[in-house]
Amino acid sequence: MRTKKSIGGFFCALFLLSAIAVQTVWAAQPINPQPDGSQQEDYEDPASDISLYATAAALLDADSGRVLYGKNADTPMAMASTTKIMTCIQVLENASLDETLTVSAYAASMPQVKLYIKKGEEYAVRDLLYSLMLESHNDSAVALAEHVGRSLLSEELRNKPVSEYTAEESRQAVAAFAGLMNAKAEELGCVNTWFITPNGLDATEETAMPDGSLVTKEHCTTAAELARIMAYCIGESDHSGDFLAITQTPSYSFYANGRSFSCTNHNAFLNMMDGALSGKTGFTNKAGYCYVGALESEGRVFVVALLACGWPNNKSYKWSDTRELMEYGIENFSYKSFTEKGVAFDESGLNPIPVSEGQTEILGETAYTSVEIVGRDESTDEHTPSEDSAEPLDRSQLLMRTDEKIQVDYKVEEQLTAPVESGTRVGVIEYSVGGTVYRREDIVTTDTVERIDLRWCVHKVLQRFLL
């Protein structure tokens, strides 16, 4: 028996030495989205014919957040009262429509356009939100911001009646609310947006950096990021329904403090195009005319954002620019699937992967594990997410222009080392358009391969020599 064990150990040692010499290697392969090798035909992008008045503009696909057309779309600029879309959604997310707020002297002092609320008066949050979004009243914006922001102040200021606030205390409440606006902007990936005021009036402030230095910041955003915020307001927020209901209302009347108020919606775009969903105008001397609006057409949701779209007397420029961009989106973009035949990666192109130091049925053979594709929308915690993606990308389709192509790339390990468990992620397939990845699929093992040990070696040697 000792002799047989020695023989088994000898052969097993030789096998292990040869197996250990194999290293793990990644294979990366591009998959041509045009497998016949044909070249893309010459295509004249209709966007080349677009001529806008706006200094900065963006057409956004609300579903993916992809900018379909941009003109200085990433340039930070003043945005006037388009700011109020963020004010509105933050009030909706942090207060009840039926709550009552009290007006401070500071809120009442805001310049026109205003509702002319008065210090000490009480209003329903609901009523002032219609005032905010339909008439763009600056005093309503500050009253709403104070109401939400004061809950973030010291206990002393939270318990102090707002009607007794000094101007400085009111500014503290507004600053706290602006903090909520900036936190949401950061959450949405808006890196060039900074909110100071809830009404969009031009403002500048000094902000302390972590190293103690002071940086001067302006109230600003970019066309692309303003469109991104609107996409959140109309579709992603839990309060999108209330946001749409308010911004789509043609007119609204209410009675408070012995006075009657009537608000009319100034978003002319709602009646310009079929499918118009929402929008907000804005103007300051610095920002010029600004606009952000959304439209739905055949399951596609487009958002247009315009900054510095003319100055008096060019108030109508924003409407012609909005129409032009919306029509460009409607006429030139449709959904393309990542999972349809001819685009989706063919699983038959994946070969079993050799596993060094893995147990086999016959001594001396190479162990293998088969693999399969698992979409991120099907993955479980057993499948490790891609290291370069914080969130799984499981998009099945993307709004694309006719000439755009889907690029499919994959990488998979050429060699594994036992032990290997079934369901281990060993590769990834990426679907990209214009250099941005919109879908990832995992390549995972389907077999479990145990590591060679002495017991297995003895068993296989005995099996060979005795049988």
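**Close-up views of a predicted model**

View 1. A308 is buried, with a relative accessible area of 4%, in a model that is predicted. This alanine is found in the loop that runs between strand β12, residues 300-307, and helix α10, residues 317-332. The phi angle of A308 is near 50 degrees, which is a positive value in a residue other than glycine.

**View 2. A buried glutamate with positive phi.** E357 lies in the loop between strands β14 and β15, and its phi angle is near 65 degrees, a positive value in a residue other than glycine. Is E357 buried or exposed? At a relative accessibility of 8%, E357 counts as buried, because buried means under 20% relative accessible area.

**View 3. An open sheet of three strands.** The sheet in this view is open and has 3 strands in the order β15-β14-β19, with mixed pairing. The strands at its edges are β15 (367-369) and β19 (416-417), and each has a single partner strand, so one side of each is left without a neighbour in the sheet. Strand β14, which covers residues 353-356, is joined to β15 by 3 bridges, and these two strands run antiparallel. Within this part of the sheet, P354 stands opposite Y368 in β15.

**View 4. Two cis peptide bonds in loops.** Another cis peptide bond joins A418 and P419, where omega is about 5 degrees. The place of P419 is in the loop between β19 and β20, the latter strand covering residues 425-433.

**View 5. The packing of helices α4 and α9.** Two packed helices are described by the angle between their axes and by the distance between those axes. Helix α4, residues 125-134, packs with helix α9, residues 240-247, at an angle of about 60 degrees, and their axes are 9 Å apart. The crossing in which α4 passes α9 is right-handed. Which residues make the contact? On the side of α4 they are L129, Y130, M133 and L134, while α9 contributes F243, A245, I246 and T247. Sorted by type, the residues of the contact of α4 with α9 divide into 7 nonpolar, 1 polar and no charged.

View 6. E218 lies in strand β7, which covers residues 214-218, and E218 is partly exposed, with a relative accessible area of 40%. When residues up to four places away in sequence are not counted, E218 touches W194, I196, A203, T204 and K286. E218 and E205 are 13 residues apart in sequence, and their C-alpha atoms are 6.5 Å apart in space.

**View 7. The whole protein, as a setting for the close-ups.** The secondary structure of the protein comes to 11 helices and 21 strands. Of the 467 residues in the protein, 51% are buried, and the protein exposes about 22,500 Å², of which carbon and sulfur atoms supply 47%. Among the contacts in the protein with a separation of 6 or more, 68% are accounted for by residues 24 or more positions apart.

How values were computed:
Residues are numbered from 1 along each chain as its sequence is written. This is a predicted model: local features need pLDDT of at least 70, side-chain atom pairs count only at pLDDT 80 or more; totals for chains, interfaces and linings use all residues. Side-chain values use heavy atoms; hydrogens and water are left out. Axes are lines fitted to C-alpha atoms, for helices over the stretch in contact, and angles run from 0 to 180 degrees between N-to-C directions. Helices (H or I, at least four residues) and strands (E, at least two) are DSSP runs, numbered from the N terminus. A crossing is left-handed if the near helix is turned anticlockwise from the far one by less than a right angle, and right-handed if clockwise. Contact means heavy atoms within 4.5 Å. Ala, Val, Leu, Ile, Met, Phe, Trp, Tyr, Cys and Pro count as nonpolar, Asp, Glu, Lys and Arg as charged, and the others, Gly among them, as polar. Buried means under 20% relative accessible area, exposed over 50%, partly exposed in between (1.4 Å probe, protein chains only). Accessible areas come from the Shrake-Rupley method with a 1.4 Å probe; for residues, only the protein chains shown count as cover. Two strands pair if DSSP finds at least two bridges between them.
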